[in-house]
Amino acid sequence: MTLEITGLNTHYGLSHVLQGIDLRAEPGEVVGIFGRNGVGKTTLLKTIAGWLKPSSGSIRFGGRELAGSTPDEMCRAGFGFVPEDRRIFPGLTVRENLEMGLLGLRERPGRDPLAAVFDRFPRLAERAGQAGTTLSGGEQQMLAMARVMLAKPDVVLIDEPSEGLAPMIVAEVFGIIRDMCEMGVIVLLVEQNVHEALAVSDNYLLIERGAVVLRGAADTDETALMQRLHI
Ligand SMILES: Nc1ncnc2c1ncn2[C@@H]1O[C@H](COP(=O)(O)OP(=O)(O)OP(=O)(O)O)[C@@H](O)[C@H]1O
């Protein structure tokens, strides 16, 4: 199913932050979303996830109009959101944090839905009984991504997953994004780490002052992006 966003506008009060964003993605596609601090990247993800109401514009997935839906409705429509602060529930163990992801499940879970997660993330299995907030930053990022994947989403929105992580862990986190795309998930990836993010992206868009000023293919149009970002 195609994700098609057109003319998306979001305001914070009188401040017009998102100014007519257009974005289209097909299953299995990773779209890197770049831009300097404060240009509206997080606002874009929050608007798609239903955390913010757009003032106008359309978010269609599989032909269904979803703009203005609540976070719950977006979750049931197949959207998963991994916010920048990862939202690990304090006081809950790793296992309990993962189980929270099952609340958004659209179908009945299999007999042991966590088994596949623990196979894929042995480190989470080892720490299943430990409080989620005691994990390292990288492990918390994995936990947040694994929790979203449990709901078997069609679209995953990820905000700055590599922030504050050591390079080896960053590689693991981007490996998870590759897995998602191999499963046919659409990934919208906001990242400051442009080189790493481009390596897993199919396409990119560059945002300045709430509007897309450049878009292209990650492999062939990389130079234009780097020049514009002065990297
Ligand atoms: N809750 C809010 N109320 C008012 N203005 C906000 C709010 N959140 C963000 N903004 C403003 O909206 C603009 C876009 O912010 P946003 O967080 O989307 O940018 P960003 O591109 O994700 O930047 P960063 O990489 O720093 O997170 C900024 O000018 C910011 O100050």
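By class, the shell around the ligand in this predicted model holds three nonpolar, seven polar and one charged residues. Its members are Tyr12, Ser15, Val17, Gly35, Asn37, Gly38, Val39, Gly40, Lys41, Thr42 and Thr43. Two elements give two or more residues to this shell: strand S2, spanning 15–25, and helix H1, spanning 41–49. Of the elements, H1 supplies the largest share, three residues.

The largest nonpolar core is the next feature to follow. This core has 64 residues, and those that touch the most other members are Ile33, Ala146, Val156, Leu157, Val187 and Leu189. Helix H6, residues 137–150, provides the largest share of the core with eight residues.

Leu157 shows what such a position looks like in terms of contacts. With neighbours within four places in sequence set aside, Leu157 is in contact with Leu45, Ile48, Ala49, Phe79, Phe81, Val82 and Leu188. Among these partners, Leu45, Ile48 and Ala49 fall within the range of helix H1, the helix that also gives three residues to the ligand shell.

Ser56 lies in strand S4, which covers residues 56–61. Asn97 is 41 residues from Ser56 in sequence, and the C-alpha atoms of the two are 34 Å apart in space.

Conventions. Residues are numbered from 1 along each chain as its sequence is written. This is a predicted model: local features need pLDDT of at least 70, side-chain atom pairs count only at pLDDT 80 or more; totals for chains, interfaces and linings use all residues. A residue is near a molecule or strand if its C-beta atom, placed from the backbone, lies within 6 Å of it. Helices (H or I, at least four residues) and strands (E, at least two) are DSSP runs, numbered from the N terminus. Ala, Val, Leu, Ile, Met, Phe, Trp, Tyr, Cys and Pro count as nonpolar, Asp, Glu, Lys and Arg as charged, and the others, Gly among them, as polar. A nonpolar core is a set of buried Ala, Val, Leu, Ile, Met, Phe, Trp, Tyr and Cys residues joined through C-beta atoms within 7 Å. A residue is buried if 20 or more other C-beta atoms lie within 10 Å of its own, exposed if 12 or fewer, and partly exposed in between; C-beta atoms are placed from the backbone. Two residues are in contact if their C-beta atoms, placed from the backbone, lie within 7 Å.
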